[in-house]
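Hello,

Here is the structure I promised you. Please open it first, then read my notes below.

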Amino acid sequence: MSFATSLLPFDADTLTLIADRWDTPCYVYDARTLTDNYLRFEQALTNQPHQLCYAVKANPSLAILQLFARLGAGFDVVSGGELQRVVAAGGDPNKVVFSGVGKQTDEIALALSLGIHCFNVESESELYRINRIAGEQGQHAPVSLRVNPDVDAKTHPYISTGLKSNKFGVAHDDALRLYQLAASLPHLVLRGIDCHIGSQLTEIAPFVDALDRVLSLVDALAEYGIVLQHIDLGGGLGIRYHDETPPHVEAYIAALRERLAGRGLTLLLEPGRALVGNAGVLLTRVEYLKPGAEKQFAVVDAAMNDLMRPALYGAYHDIVAVHPRDEAPQQWEIVGPVCETGDFLGHDRALALAEGDLLAIKSAGAYGMSMSSQYNTRPRAAEVLVLAGQPVLIRQRESIASLFENERLPD
Ligand SMILES: *Cc1c(COP(=O)(O)O)cnc(C)c1O
């Protein structure tokens, strides 16, 4: 069976049982794959001082955070909400880094009181704000500056973050001045330096270019007496959705290690997609087959509100029948019930389909549930974790009532 038609790491019986018990649409994750993905990074980092900080936004499910926390993971959070999830899942705040261009006062205060490992600071104003809040709390805030290395990650423009034209980080040319400023602020402690150049990268070269640019800053800072403990290279390693050939974790880490050899810097990484992407599928059922003059539509019960990536980035996800039929395949537009022409999950897919068939939309573990919405007043999907072959419900489907429970009628 080719990669494109395989259900791995799942099997048809388990997926059928899950759909029968918890209905569709439903996200299903495999604990073994999550664990293996994490341990591959760990293995490649043996004897290199390091901390993996899973990027929570890729998939913030408490059960998944708990699984990674038990393996020793730290976390990269981008909001106070994500930080509270980490704590609720039993994660160690001391292994948390806090990224993002818009950290709010209460979020900074919370992170300080929980004792996070480091703030990845993205602007001069943020340095002043963190310094002020730390002073008010009688604390010292650990900070690193997120530097924008101005390298082209060669990925989709919406997920490229390391160019001068992006909103993220501070300019490479300004970093020296800002480090000196940070060193002069009384309630800050300089911990490291950080960059994150984009997501779904399928080549090693941009990572190494970024690392070189950041290391040149580390050296320049040392000349000014600013010695850093860690270098955080963010996330961004791509996965295979269809026919991409992203670098293997081992090759990616080896390239970084080669550059870091002999420097005594702790390496932080913030992988998201590479840990969870291929560990999940979105299960959906065919509601209607709608043959047409130009196109044939298979209307399924999942939609862009459940999995936004195709509509948002034109992203490709393989779509596989859980029980493939023997008939000759036809070409189908796989679309959801949402009232938008952009509501598609796959174009022009060769499948033999009947109404009621169960489909698995593959590689949906990252930026699937986490980007989902309730558009069209559709309750968000259930989530199931397969643990040693046993499916466990980790999030029940939202109820319709809960979708408007916070609303008020003005008399
Ligand atoms: C999104 C993000 C990540 C994770 O990116 P992946 O491509 O999922 O690995 C890591 N760090 C930061 C700062 C991010 O914004």
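Start with the ligand. Of the 14 residues around it, Lys57, Ser199, Glu270, Arg273 and Tyr367 come nearest. A residue counts as near when one of its heavy atoms lies within 4 Å of the molecule.

Bear in mind that this is a predicted model: local features need pLDDT of at least 70, side-chain atom pairs count only at pLDDT 80 or more, and totals for chains, interfaces and linings use all residues. Residues are numbered from 1 along each chain as its sequence is written, and side-chain values use heavy atoms, with hydrogens and water left out.

The shell around the ligand holds three nonpolar, six polar and five charged residues. Here Ala, Val, Leu, Ile, Met, Phe, Trp, Tyr, Cys and Pro count as nonpolar, Asp, Glu, Lys and Arg as charged, and the others, Gly among them, as polar.

Now the atom pairs. A polar side-chain atom of histidine 196 lies 3.5 Å from a ligand nitrogen. A polar backbone atom of arginine 273 is 2.8 Å from a ligand oxygen. For tyrosine 367, an N or O atom of the side chain sits 2.5 Å from an oxygen of the ligand. The protein buries 94% of the 390 Å² that the ligand exposes when taken alone (Shrake-Rupley method, 1.4 Å probe).

Next, look at helix 6, residues 124-136. Helices are DSSP runs of H or I, at least four residues, numbered from the N terminus. In helix 6, Glu126, Leu127, Ile130, Asn131, Ile133 and Ala134 are buried (under 20% relative accessible area, 1.4 Å probe, protein chains only). Glycine 138 follows helix 6, and its phi is positive, near 65°.

Best wishes

How values were computed
A polar contact is a pair of N or O atoms within 3.5 Å; within protein, one must be able to donate a hydrogen and the other to accept it, and residues adjacent in sequence count only if both atoms are side-chain atoms. Helices (H or I, at least four residues) and strands (E, at least two) are DSSP runs, numbered from the N terminus. The expected span of a helix is 1.5 Å times one less than its number of residues. Buried means under 20% relative accessible area, exposed over 50%, partly exposed in between (1.4 Å probe, protein chains only).
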